[in-house]
Amino acid sequence: MRTTTSPFGSRRGSAVALATAVALVAVGAAGCGSSDSPSTAQPASSASASATPGVVTIRDPWVKAADKGMTAAFGTLVNDGDTDVTVTGATTALSSMELHEMAMKDGTMVMRQKQGGIVIKARSTHALEPGGDHLMLMNLTRPVQAGDELTFTLTFADGRTQQFSAVAKPFTGAQESYAPGHGEPTTGMSATPEMSMSPAS
């Protein structure tokens, strides 16, 4: 009896040891698998953030409410990367768009198209604000009322694009108006903004 049980017992002991070793290897493999999982999870997270692919972060985006004609989108562009990023264009379903800046011309502050795009330096921010750089909606196809949410697509110099949404709000600060009456542009599109916009204080 002892002879039969003893080899069986030792066989059983080695089987337990072998099972334990296999379990440890499986745990180790699972550990390696979990280190692989961020790389497999990355496409999923980038897919879920497809609206914001991470070229820049747009902080506090907003649009000036307007009845017709022209208006603008503002916010702060944040570049967390190690290289400069250049916005070369912007689009929205509601209007054609241009990148604009405020600049001194013959002693007067005028609004004009920004040549070369909007550069956001590496590890830096760039403000889009009334009286400064902004995304200009040139010819609204419908009124933009306070509370409306608009979707924009930015295009970058390297061909990448990024979408963001901005909520419209009324704004009269910094004497920022695109027309003599709030939201009532005149037919001379370029003259009115040049005269009516002034730098934010």
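Mentor: Strand β3 (residues 85–92) is joined to strand β9 (residues 149–156) by five bridges, and the two run antiparallel. Strands here are DSSP runs of E with at least two residues, numbered from the N terminus, and two strands pair if DSSP finds at least two bridges between them. Within this pairing, Thr92 stands opposite Phe152 in β9. Strand β3 also has three bridges to strand β6 (residues 118–120), again antiparallel, and there Thr86 faces Val119. Six of the eight residues in β3 are buried, where buried means under 20% relative accessible area, exposed over 50% and partly exposed in between, with a 1.4 Å probe and protein chains only.

Before we go on, a word on the numbers: this is a predicted model, in which local features need pLDDT of at least 70 and side-chain atom pairs count only at pLDDT 80 or more, while totals for chains, interfaces and linings use all residues. Residues are numbered from 1 along each chain as its sequence is written, and side-chain values use heavy atoms, leaving out hydrogens and water.

Now look at Asn79, which lies in strand β2 (residues 71–79). Asn79 counts as buried, at 2% relative accessibility. Its side chain reaches the backbone oxygen of Lys121 at 3.2 Å. Beyond four places in sequence, the contacts of Asn79 (heavy atoms within 4.5 Å) include Val85, Ile120 and Lys121.

Strand β1 (residues 57–64) holds Ile58, which is buried with a relative accessible area of 16%. Ile58 touches Thr76, Leu77, Leu154, Gln162 and Phe164, setting aside residues up to four places away in sequence. Ile58 and Phe164 are 106 residues apart in sequence, yet their C-alpha atoms are 7.4 Å apart in space.

Finally, the rings. The structure holds three aromatic pairs; rings of Phe, Tyr and Trp (its six-membered ring) pair if their centres lie within 6.5 Å, with planes under 30 degrees apart counted as stacked, over 60 as edge-to-face and the rest as tilted. One of them is the tilted pair of Trp62 and Phe74, at 4.6 Å centre to centre and 35 degrees between the planes. Trp62 lies in β1 and Phe74 in β2, so this pair ties together parts that are 12 residues apart in sequence. Trp62 is buried at 13%, and Phe74 is buried at 2%. Ring pairs link Trp62, Phe74 and Phe171 into a cluster.

Notes
Helices (H or I, at least four residues) and strands (E, at least two) are DSSP runs, numbered from the N terminus. A polar contact is a pair of N or O atoms within 3.5 Å; within protein, one must be able to donate a hydrogen and the other to accept it, and residues adjacent in sequence count only if both atoms are side-chain atoms.
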